[in-house]
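Subject: Structure handover

Hello,

I am passing on the structure we spoke about, followed by notes on what was found in it. Please read the notes with the model open beside them.

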Amino acid sequence: SPAMLALARQLPGGAHPNITSHLALAEDFAYPSRYGLAVAAESLHWMDWEVVLPAIGRALAPGARLVVLDRRIDGVAWWPDIAPLIPQYSTNTDYRPYDLLGELVSHGRFVVEGGATTAPVTIAQPVDDSVESWHSRNGFSRERMGAARAAAFDAALRGVLSPHVSRGQVEMVLQATLAWGRPPVRTGVLG
């Protein structure tokens, strides 16, 4: 979104001349050059894999890789209290958890060549930012929830987080799993 790009440019290093921003759907993006690395972090599950992954594959330079990154926050002390809020407030009523990497591999969309898991990192985030971060998720977008439902969710979430707040901040232990490889590039499929 334009607001996200504007914020990114304001962050430290965000206006560096080596950074180019593009406003486009991943499915519509015309890669202007070849890349040595592409990273999909918590976004690939929203995209049309049939369109996006072959395009990324074609845009990767020889020897380049796509990294699929998945972070986990379900190991924090307050997760068991938040988990029941998800089906109660999510607009994705038919959502079923799944393994993104497993799905990509089983559907022939990604060939894994390696992987790693980061060490856990503890971060502190302002409560307001933590609550707002949930609205970046598809099932909790403010547009889909509506104002009243979003406000009710925010209040319930603040109630769960409040025993874990210190100086206006809530701690999270983050850990990421990375897998790298290449999406197969399909050309001239006959059928």
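Phe153 is buried, at 1% relative accessible area; buried means under 20%, exposed over 50% and partly exposed in between, with a 1.4 Å probe and protein chains only. This is a predicted model, in which local features need pLDDT of at least 70 and side-chain atom pairs count only at pLDDT 80 or more, while totals for chains, interfaces and linings use all residues. Residues are numbered from 1 along each chain as its sequence is written, and side-chain values use heavy atoms, with hydrogens and water left out.

Aromatic rings

There are 7 aromatic pairs in the structure. Rings of Phe, Tyr and Trp (its six-membered ring) pair if their centres lie within 6.5 Å; planes under 30 degrees apart count as stacked, over 60 as edge-to-face and the rest as tilted. Phe29 and Tyr31 are edge-to-face, because their ring centres are 4.7 Å apart and their planes stand at 85 degrees. Phe29 is partly exposed at 22% relative accessibility, and Tyr31 is partly exposed at 29%. Trp134 and Phe153 also form an edge-to-face pair, with centres 6.1 Å apart and planes at 65 degrees. This pair links distant parts of the chain, 19 residues apart: Trp134 is in the loop between α6 (127–133) and α7 (142–145), and Phe153 is in helix α8 (residues 147–161). Helices (H or I, at least four residues) and strands (E, at least two) are DSSP runs, numbered from the N terminus.

Trp134 is buried, with a relative accessible area of 4%. The charged end of Arg137 sits over its ring, 4.0 Å from the centre; the criterion is NZ of Lys or CZ of Arg within 6 Å of the ring centre and within 35 degrees of the ring normal. One aromatic cluster is made up of Trp79, Tyr89, Trp134, Phe140 and Phe153.

Nonpolar cores

A nonpolar core is a set of buried Ala, Val, Leu, Ile, Met, Phe, Trp, Tyr and Cys residues joined through side-chain atoms within 4.5 Å. The largest has 18 residues, of which Trp78, Ile82, Phe153, Leu157 and Leu161 touch the most other members. At least two residues of this core come from each of α4 (85–89), α6, α8 and β6. Helix α8 gives the most, with 5 residues. Another core, of 15 residues, lies apart from it and has Leu53, Ile56, Val68 and Ala179 among its members.

Helix α2 and strand β2

In helix α2 (residues 49–59), 8 of the 11 residues are buried. The cover over these buried residues includes β1 (35–41), β2 (60–72), α5 (100–106) and β6 (169–182).

Val67 is found in strand β2 and counts as buried, at 10% relative accessibility. Leaving aside neighbours within four places in sequence, Val67 is in contact (heavy atoms within 4.5 Å) with residues including Leu37, Val39, Leu178 and Trp180.

A positive phi

Arg167 is in the loop between β5 (165–166) and β6. Arg167 counts as exposed, at 83% relative accessibility. Its phi is near 55 degrees, a positive value in a residue other than glycine. Most residues other than glycine have a negative phi.

Regards
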